[in-house]
Amino acid sequence: QVQLVESGGGLVQAGGSLRLSCSASGHSFNRYNLGWFRQAPGKEREFVSAISRSGDTYYADSAKGRFTISRDNAKKMVYLQMDSLKREDTAVYSCAAVQTIITGFLRPASIDTHNHWGQGTQVTVAS
């Protein structure tokens with residue numbers, strides 16, 4: 001089991017940057033595929049980015065070129081660097097994890113793929 005706690009959210013002006021962090025507790029962090037999802041008010045939760053245990057990265061079209069996901073297995077952390085933020089990036093951002101025995105990442109964008117979730121951190125982008 002892994003427990004996930006996000007931090008780093010806040011209020012930022014459009015065009016600004018934020019770095020979200022997700023701290024994990026538990027064992028075998030390096031065996032987990034990790035993801036970031038977000039949910040805006042009145043909308044469904046959606047995929048933002050993911051990183052496999054081997055370091056392969058995946059991005060939603062809305063995040064490509066602006067967001068960067070990374071992980072630090074020694075610190076049991078996963079990060080989401082968000083640049084050039086837009087008003088439509090406003091949402092609660094949650095990190096997610098799924099333990100895997102393979103190096104690949106099947107369906108990284110699917111909510112159902114992940115079985116561990118953090119509580120989320122609010123990101124508000126003001127225009």
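Me: Why is Thr-68 called partly exposed?
Reply: Its relative accessibility is 42%. Buried means under 20% relative accessible area, exposed over 50%, and partly exposed in between, with a 1.4 Å probe and protein chains only. So Thr-68 counts as partly exposed. A word on the source: this is a predicted model, where local features need pLDDT of at least 70 and side-chain atom pairs count only at pLDDT 80 or more, while totals for chains, interfaces and linings use all residues. Residues are numbered from 1 along each chain as its sequence is written, and side-chain values use heavy atoms, with hydrogens and water left out.

Me: What does Thr-68 touch, and where is it found?
Reply: Thr-68 is part of strand 7; strands are DSSP runs of E with at least two residues, helices are runs of H or I with at least four, and both are numbered from the N terminus. Not counting residues up to four places away in sequence, Thr-68 touches Tyr-59, Tyr-79, Leu-80 and Gln-81, where contact means heavy atoms within 4.5 Å.

Me: Which label does Arg-107 get, buried or exposed?
Reply: Arg-107 has a relative accessible area of 55%, so it is exposed. It lies in the loop between strand 9 and strand 10 (116–117).

Me: What makes Gly-118 count as buried or exposed?
Reply: Its relative accessibility is 10%, so Gly-118 counts as buried. You will find it in the loop between strand 10 and strand 11. Leaving aside neighbours within four places in sequence, Gly-118 is in contact with Leu-4, Glu-6, Ser-94 and Cys-95. The C-alpha atoms of Gly-118 and Ser-94 are separated by 5.7 Å, although the two are 24 residues apart along the chain.

Me: What makes a set of residues a nonpolar core here?
Reply: The members are buried Ala, Val, Leu, Ile, Met, Phe, Trp, Tyr and Cys residues joined through side-chain atoms within 4.5 Å. The largest such core has 27 residues, and Trp-36, Phe-67, Val-78, Leu-80, Met-82 and Tyr-93 touch the most other members. Strands that each supply at least two residues of this core include strand 4 (32–39), strand 8 (77–82) and strand 9 (91–99). Apart from it lies another core of seven residues, among them Phe-37, Ala-60, Val-98 and Phe-105.

Me: How many helices and strands does the protein chain have?
Reply: It has zero helices and 11 strands.

Me: Then how do you know how compact the protein chain is?
Reply: The radius of gyration, taken over C-alpha atoms, is set against the globule rule, 2.2 Å times the number of residues to the power 0.38. The protein chain has a radius of gyration of 14 Å, close to the 14 Å that the rule gives for 127 residues, so it is as compact as a globular protein of that length. Its C-alpha trace spans about 45 × 25 × 25 Å along the principal axes, and buried residues make up 45% of the 127 residues.
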